[in-house]
Amino acid sequence: EDEFQSVLCEGCQKELPNLKLLTCLHTLCLNCLSEKKPIRQCPVCQTAIPQASGIPDMDNKLFTNLQARLSIYRKIVSQADLFCDHCNTDAEFWCSECKEFMCTKCFEAHQRYLKKDNHEAKRVAAVKAGSARDFLEGTKKANKFFCSNVAHQNQVLSIYCKKCCKGMCCVCTLLDSKHAGQHCDISLEIQQRQDKLAALSQNLKEKRSSFEVAHKALQAKAACLEQVRSKTREDIRQCVEQLVDLLRREEEMLLTLVETRWEQGCRVLAGELQHLDNVLRRMQASEQLVQKMRLYGSEQEVMDMQPFIKASLEELQRLQPSAAGGLAQPDRHFAECWTRLQAL
């Protein structure tokens, strides 16, 4: 079965009639060609289909006939009951010329009446014992083709006219007097055509090696491209991880610097605030003392204490508050942090 998978439609892999042979030599059924009709190219190798309809003109008669012959072979070897095509009794023989199953009685009659035609009928048991290849080779010999002329359509084509480029029976050859000397044995023509195909196939086989080398080279490039892609992605990840680690370290350093500057600023502000609180307390005390002396102080007390109080008030009078103590603006205090952040 594996050997003859190639006779199936290469699109749907089904055993179907009406197989078409494309110029790329792939074989497709009409269903697959109809599905691909808008594209007008082979779905296997994307070669263009030259016909405007998208349907090739050439029928793959070889594969169609092989499917039919293989179907008969499978029927014989499947252990199914086989019946005579004439009397419907158990079949014992198969004639590849007549394409009929026969019982022993019908086989004897067949041999008697068609003896001169050399029909080769085989026992069903012998076919079962053989291989599919043996069966196909045997049926190939039986596939004779006959003259298309209605007057002598039972005549086998045995002559080939090189002028008409077609097969002819003996009667047609005798009547074709204008092409005398252009006739040859059709089996010889068939053999020559087989030889030409074999020679072309051999040449292509030799040329195929160069395409295989190019194919391997492209595959190697594709593999190399994938390797470079993977390495580049890994390098990017590693680089980004290193940068992230660096940024994290810088973040910790900057945050530590911010905390340090904040603590320094807080200490300076605390000292300034304490100083201002003390000055305000002194001013409040001096104001209360002067008020009390005006209200309740005796002359003797004024004379004794006034110089001391006056000196203290004059000292307070000389004091001047700064705009924000001895500390610069907060954003200027953190200027180093902003500079390092911008540089980062």
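**Entry 1: Asp90**

I looked up Asp90 and found it in the loop between helix H2 (61-77) and strand S3 (93-95). I note that the model is predicted.

Is Asp90 buried or exposed? I read a relative accessibility of 51%. Exposed means over 50%, so Asp90 counts as exposed.

Next I checked what Asp90 touches, leaving aside its neighbours within four places in sequence. I listed Leu82, Phe83, Cys84 and Cys103 as its contacts.

Then I took a distance from Asp90 to Leu174. The two are 84 residues apart in sequence. In space I got 46 Å, C-alpha to C-alpha.

**Entry 2: the sheet**

I turned to an open sheet of 3 strands. In what order do the strands lie? I wrote down S7-S6-S8, with antiparallel pairing. The edge strands are S7 (166-168) and S8 (183-185), and each of them pairs on one side only.

I then looked at one pairing. Strand S6 (residues 159-161) runs antiparallel to S7, and I noted 3 bridges between them. Which residue of S7 is the bridge partner of Ile159? I found Met168.

**Entry 3: the helix on the sheet**

Technical notes
Residues numbered from 1 in each chain as written. Predicted model: local features only at pLDDT ≥ 70, side-chain atom pairs only at ≥ 80, totals over all residues. Heavy atoms only, no water. Pairing = 2+ DSSP bridges. Helix = DSSP H or I, 4+ residues; strand = E, 2+ residues; numbered from the N terminus. Buried < 20%, exposed > 50% of the residue type's maximum accessible area, 1.4 Å probe, protein only. Contact = heavy atoms within 4.5 Å.
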